Amino acid sequence: MKSVALVLFLSYLLLEESNFSIADSVENYQQQTKTQESDNQCNSYCFIVFKPFLDHLTELKQAANSSDELREKITTLELSNKDFQIQLSNAEGLDKNSKLLINFKDEQIKEISKQLKDKDEQIKEISKQLKDKDEQIREMNQQHEVKDDKIKNQSDLLKNKEETILNLQSQLAIGKIQIENKDNLIHIKEDQIKDKTDHIKKQEYFIQQKEQQIKEKDENINIKITQINDQSAENMKKAKQIYELTNQVTEKTYLLSTCSEFDQCPSEGPTGIYNMKMRGINAFKVPCNSTGWMTIQRRMDGSQDFNRNWVDYKNGFGDVKREFFIGLEKLHLMTEAQPYELYITLRDINGTSRYAKYDNFKVGSEMEGYELTTIGKYSGTAGDSLKYHEKSKFSTHDRDNDFHGGNCAKSHNGGWWFNKCAYSSLNGNYYKNGKKEGQGKYGIVWGDWKKFDYTISLIFVEMMIRPKSN
């Protein structure tokens, strides 16, 4: 009887211990879940999605714990039953109650074994469900990856739209500045027209006075001639006086041409150096011939270095009596005010001369890079080597505006309206023998005349302009 009581007590302790382990496992799982919920509040969405799967894991753990408890119970009961049977076999006799207790324990073992088998089946079923859940989790992860890609693409699209808005805002600001500049240019042009109108009125008044003076001089000359005819004795003296008066008129006409200020060369008058005055720049001297052509560039002896920087070409340089360049700003102001013709005289080392004429020469502003805006229709004997440069900006060795990969102004040793690079270049290096030396800089070239032999360098060039006649 004592042995039976011992077995029952040990069985009770085993059951109590097993129940305690399961309760602790469940409590630990709940505490872990609460901790995860507290630590991952920012990921509440993910927790809601995965909570059902965590619950299944909890059920699986509980089933496994129950199975382990049953196995432990069976093992303990088997050991207890074995010990009990050993004790019973050693006993001298068994009473009826002891046999009943043994039978009862055997039934308990069978029942627990059955329960364990059922638990194993449950574990298999739960494992299968867990596998299905894992597959669902994998599919949901793939769906989340697709959504993340869509969100990323939308973010990139939004970023591109923001950059487009910024670019449009920048373009709008630039457009406003250009409109303001054009308004200012219109005001300047209006002032120039007004000043030109006033200047024309003054010139007309000046011409009237000059015609009156000439008329008076002619009358005086006629009077002197009459007096000479009437006084034969004084013929030689009077003739000398007439000659002196004629020289005075010529001298005064020349002084008038050099001292007065014009905005263009007189269409009729002596060839010489004239003072020019235009709105926006200081007065300057320029050569004019008797047919109204103004010289804007001349090459004749190599006395001037034409490999100049941007500022020099903008303002002009050289000696107007020999080699010089009038300046891009002056060309812009003149050709902007009214249409001009361009006449280019060329001469080679053999003394042969050719010319090229264009009927609509215009130069843009500095903001436009002093672009060769238009040259009009060509006529002449030298060939059209300037058309290739139309719409090209002016380039110097320190301001490269050409369409070539290198710097054309450096290779041609002078500024020009380079394209890629040149069919013509009239500001290149001056070679007195008319030939480019070895691998040296390009000279003064006009491609169409010399069949694009860039080793040939011209020894004389003169570029002239005058207002276009209607």
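Predicted model: local features only at pLDDT ≥ 70, side-chain atom pairs only at ≥ 80, totals over all residues.
**The chain as a whole**

- The chain holds 7 helices and 13 strands; these are DSSP runs numbered from the N terminus, with helices being H or I of at least four residues and strands E of at least two.
- Of its 470 residues, 33% count as buried, where buried means under 20% relative accessible area, exposed over 50%, and partly exposed in between (1.4 Å probe, protein chains only).
- Among contacts (heavy atoms within 4.5 Å) between residues at least 6 apart in sequence, 55% join residues at least 24 apart.
- The accessible surface of the chain is about 29,200 Å², and 52% of it belongs to carbon and sulfur atoms; such areas come from the Shrake-Rupley method with a 1.4 Å probe, and for residues only the protein chains shown count as cover.

**The second largest pocket**

- Rolling a probe the size of a water molecule over the atoms shows where empty space is left.
- The second largest pocket has a volume of about 580 Å³.
- A pocket here is an open set of points, on a 1 Å grid over the protein atoms alone, where a 1.4 Å probe fits, with protein on both sides within 12 Å along at least five of seven lines.
- Grid points are joined across faces, edges and corners, and the volume is the space filled by probe spheres set on the points.
- The lining of this pocket has 22 residues, and Asn181, Leu185, His332, Ser365 and Met367 lie nearest its centre; a lining residue has an atom within 4 Å of a point.
- Helix 3 gives the most to this lining, with 8 residues.
- By type, the lining divides into 5 nonpolar, 9 polar and 8 charged residues; Ala, Val, Leu, Ile, Met, Phe, Trp, Tyr, Cys and Pro count as nonpolar, Asp, Glu, Lys and Arg as charged, and the others, Gly among them, as polar.

**Helix 6**

- Helix 6 is mostly covered, with 8 of its 10 residues buried.
- Its buried residues are Leu328, Glu329, Lys330, Leu331, His332, Leu333, Met334 and Thr335.
- One of them, His332, is also among the residues nearest the centre of the second largest pocket.

**Strands 2 and 3**

- All 5 of the 5 residues of strand 2 (residues 272–276) are buried, so strand 2 is largely enclosed by the rest of the structure.
- Strand 2 runs antiparallel to strand 3 (residues 284–288), and 5 bridges join them; two strands pair if DSSP finds at least two bridges between them.
- Met276 has Phe284 of strand 3 as its bridge partner.

- In strand 7 (residues 340–347), 6 of the 8 residues are buried, so strand 7 is largely enclosed by the rest of the structure.
- Strand 7 is joined to strand 13 (residues 460–467) by 8 bridges, and the two run antiparallel.
- Tyr343 has Met464 of strand 13 as its bridge partner, and Leu346 has Val461.
- Strand 7 also pairs with strand 8 in the antiparallel sense, over 7 bridges, with Arg347 opposite Ser353.
- The hairpin of strand 7 and strand 8 has 5 residues between the strands, and Gly351 there takes a positive phi near 90°.
- Strand 13 is mostly covered, with 6 of its 8 residues buried.
- Strand 4 (residues 294–299) is joined to strand 13 by 5 bridges in an antiparallel arrangement, with Gln297 partnered by Met463.

**Backbone exceptions**

- Most residues other than glycine have a negative phi, and most peptide bonds are trans.
- Tyr370 has a positive phi near 50° and is placed in the loop between strand 8 and strand 9 (372–374).
- Tyr370 is buried, at a relative accessible area of 0%.
- Phe452 has a positive phi near 60° and is placed in the loop between strand 12 (445–446) and strand 13.
- Phe452 counts as partly exposed, at 36% relative accessibility.
- The peptide bond from Lys420 to Cys421 is cis, with omega near -5°, and Cys421 is in the loop between helix 7 (408–412) and strand 11 (424–425).

Note on methods
Residues numbered from 1 in each chain as written. Heavy atoms only, no water.
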